[in-house]
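User: Please take a close look at the aromatic pairs in this structure. Which rings pair up, and how are they placed?

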Amino acid sequence: MAPAFLHLLLVCALALPFGWLAVRLRVLTIGGSLMAALVALAVVLSQGWVWLAPLFFFLISGVLLGRLTPGRGPGGRVPGITDAKHGRPRDAVQVFCNGGLYALLAVADD
């Protein structure tokens with residue numbers, strides 16, 4: 001088997017449990033999970049596994065920082081936060097906007 005095909009299989013095998021866990025923990029929507037798998041696949045096939053480290057760091061730090069914000073104040077609003085999607089799982093558009101450019105640059109650098 002070609003190395004690219006083995007990478008494809010391994011990315012898919014790892015993306016399934018990662019995606020399930022991310023959806024289960026309400027970090028990503030199903031669409032966001034699928035987009036994350038596509039971004040990971042593009043990065044791994046073009047540059048290798050090491051290039052996934054910044055993406056994982058970005059996702060984990062964003063989730064942790066998002067959960068450190070104070071609870072909702074009076075009227076259901078969080079002071080100082082204007083994003084209507086704050087606290088909700090990231091969808092496919094958000095995942096693409098955050099990781100898509102990185103994946104496109106990884107593919108272009110190949």
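Analyst: A search of the whole structure finds two aromatic pairs. Rings of Phe, Tyr and Trp (its six-membered ring) pair if their centres lie within 6.5 Å; planes under 30 degrees apart count as stacked, over 60 as edge-to-face and the rest as tilted. This is a predicted model, where local features need pLDDT of at least 70 and side-chain atom pairs count only at pLDDT 80 or more, while totals for chains, interfaces and linings use all residues. Residues are numbered from 1 along each chain as its sequence is written, and side-chain values use heavy atoms, with hydrogens and water left out.

Take Phe18 and Phe56. Their ring centres are 5.6 Å apart and their planes stand at 85 degrees, so this pair is edge-to-face. Phe18 sits in helix 1 (residues 3-24) and Phe56 in helix 3, 38 residues apart, so the pair links distant parts of the chain. Helices here are DSSP runs (H or I, at least four residues), numbered from the N terminus. Phe18 has a relative accessible area of 32%, and Phe56 has 38%. Both count as partly exposed, a class between buried (under 20% relative accessible area) and exposed (over 50%), with a 1.4 Å probe and protein chains only.

Now Trp51 and Tyr102. Their ring centres lie 5.8 Å apart with planes at 45 degrees, so the pair is tilted. Trp51 is in the loop between helix 2 and helix 3, and Tyr102 is in helix 4, 51 residues apart. Trp51 is partly exposed at 29% relative accessibility. Tyr102 is partly exposed at 24%. Trp51 also touches Ala106, where contact means heavy atoms within 4.5 Å.

Conventions
Helix = DSSP H or I, 4+ residues; strand = E, 2+ residues; numbered from the N terminus. Lists of a residue's contacts leave out its neighbours within four places in sequence.
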